[in-house]
Amino acid sequence: MTELNPFEEPEGPEDGAEDGTDGTQGREPAETAHEVPEQGGGDREGDAGHHGDDRDGAARHHRDDRNGDAGHSGDDREGDAGHYGDGRHHGDDRDGAPRHHRGERDGDAGPVGGTGHHVGDGDGGAGNGGAGDGGAGDGASSRPDREPRIPMPRASVEDTGRPLPPPAAPEPLRLEHGVLKSLLGAWALAACSAEETAAVEEHLGSCGACADEARRLREAVGLLQRPESLDLDPALRTRVLEGCLDRRPPRIPVPEWARAYDAETARLDALLQDFGDAEWHAPVRLRWFSGEEATSRRTTVAGVIAHLLAVDGLVALALGLDDPLNGAAAEARTPGGRTEAYWRASHFPPTRTVRGPWREQSHAIVRTASFTGSTAGGMGISYGDFELPLRDALLDRAFECWVHAEDIAEAVDYPYDPPAPRHLRGMIDLAARMLPKVLAARRQAGLAAPGPGRHLVAAGEPGRSLRLEIEGLGGGEWFIPLDSPAALGSADHEVAHIALDGVEFCRLAAGHVPPTEAAAGQMGDKEAIRDVLYAAAALSRM
């Protein structure tokens, strides 16, 4: 057969059916045979036909040894003679050359007559379909029984639903006696690994000499590191001041009845010293007892300090100091009314800036009470619906400062100790002295029954009494008159007995403990016991 001249332009097909087209005329010949674009691995310059070794006029094919892609040479834009079919085939390269489906590594692709493409198998054997009949070659497909070149992913044991195999148990360490003895120091300091610790402890059960040495090392470690809190002792300030005052008494001493307020405000100020913004805005629930049930109000740590600032202002006003409310609530005279007025007058919720005014006011109250002397303790302080002398008002403010300091410490998850025993006893004594009036007020309001054995007596005369026994810190005994607030409590007229812990009684008076759960021991008149417990809870307020 006649070989094609690579430098001679081939004649275009005369009939569209012979070149696999639908009757359209052939493309214009390229201006020069040297402008044939590169195909696949690159055409040789001037090669107008297909790549490969066929020179019998059949379609030449390009073999790619690496991936088996078969590509035809030809240029759709230039109308090169090596182009088959009707133009661009599916899978065309960027340069317009049709791409055959990918075969095996050594496979030869059959020629393309029309739109169909067949791929030869791995052993060669191109299809012999003619280029002019538009049909596809009869090359064989890939072998279906051949394994894929890329293995499928293996299934995980978790996907099968079967139980996982148990982990292998670690083998115990087998160490010599000398090595185990050298590890005793690290074992005493808890610096050994789990395997070494198990080996040492197993050895200590069988070696008396090493067991004695290990015990001595553990005792030495306990002397080096004591389990003590890093926080300062809350009573350190009081001891230091007492030691200083014993050496040089102050020219103007703080009255005894003002020392509890001075100590409790100083303890609360020390708690607030290291608070950040998160602690100042921590939620706090103020709790008290109203009527027959518990009541609460939600606020923040800063809101609690604002509450103390507003109520302490009642004492500051009586001593001639400035009112922290600045006239915002001149008509509010009760502790709850002043607190609500202060919160409403603030354009924004209270923040850490409230600590400064509260601290300055508490210092001014103690300083002014010290300048007035011990004779000022009888000055009346109005709480709106009742009145207390200055000495009792400062005890009341010390009690509320401690109670709300515990609320704050609970909100930030920080421990807080009760007051000193002598200060706690003064607070309990104040609550016990206020119980007869509160009990009478509850009876007038219909919240407490008169009792079957009630007997009114003259003021100052002994009458029916309840013995209040306080145990623990600030402990003692008080006899509470039941029938008249002006009567005198007497052991000879005792009809009931209650035993309570000192801190528990103060929490009852603060409204933090229900009356039905407060008494540790009860004996005698049940109605009298109930009335006194509910009267103690009624001492609380916001």
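Which residue in S8 is the bridge partner of alanine 496? The partner is glycine 524. The structure is a predicted model, in which local features need pLDDT of at least 70, side-chain atom pairs count only at pLDDT 80 or more, and totals for chains, interfaces and linings use all residues. Residues are numbered from 1 along each chain as its sequence is written, and side-chain values use heavy atoms, with hydrogens and water left out.

The protein chain holds 14 helices and eight strands. Helices (H or I, at least four residues) and strands (E, at least two) are DSSP runs, numbered from the N terminus. Of the 542 residues, 40% count as buried. Buried means under 20% relative accessible area, exposed over 50%, and partly exposed in between, with a 1.4 Å probe and protein chains only. Contact means heavy atoms within 4.5 Å. Among contacts with a separation of 6 or more, 63% come from residues 24 or more positions apart.

Strands S1 and S2 pair in the antiparallel sense over eight bridges. Two strands pair if DSSP finds at least two bridges between them. Serine 290 stands opposite glutamate 293 in S2. The hairpin of S1 and S2 has two residues between the strands. Glycine 291 in this hairpin takes a positive phi near 70°.

Leucine 286 lies in S1, which covers residues 283–290. Leucine 286 is buried, with a relative accessible area of 1%. Its C-alpha atom is separated by 7.3 Å from that of threonine 299, 13 residues apart along the chain. Not counting residues up to four places away in sequence, leucine 286 touches several residues, including Val304, Trp343, His404 and Met542.

Helix H9 spans residues 335–345. Its buried residues are Pro335, Arg338, Thr339, Ala341, Tyr342 and Trp343. The cover over them includes S1, S2 (293–300) and H8. Helix H10 has 18 residues, 355–372. From its first C-alpha to its last it reaches 26 Å, close to the 26 Å expected at 1.5 Å a residue. The expected span is 1.5 Å times one less than the number of residues. Glycine 373 follows H10 and has a positive phi, near 90°.

Four strands form an open sheet in the order S6-S5-S7-S8, with mixed pairing. Strands S6 (476–481) and S8 (521–524) stand at the edges, each with a single partner strand, so one side of each is left without a neighbour in the sheet. Neighbouring strands are turned by 30° against each other on average, direction ignored. Strand S7 (residues 488–501) runs antiparallel to S8, and four bridges join them. Helix H13 (residues 502–509) lies across S5 (462–471) and S7, at about 95° to S7.

Helices H12 (residues 421–444) and H14 (residues 526–537) pack at an angle of about 105°, with their axes 9 Å apart. Axes are lines fitted to C-alpha atoms, for helices over the stretch in contact, and angles run from 0 to 180 degrees between N-to-C directions. H12 and H14 are therefore roughly perpendicular to each other. Angles of 65 to 115 degrees count as roughly perpendicular, under 35 as roughly parallel, over 145 as roughly antiparallel and the rest as oblique. H12 contributes Leu435, Val438, Leu439, Arg442 and Arg443 to the contact, and H14 contributes Asp531, Val532, Tyr534, Ala535 and Ala536.
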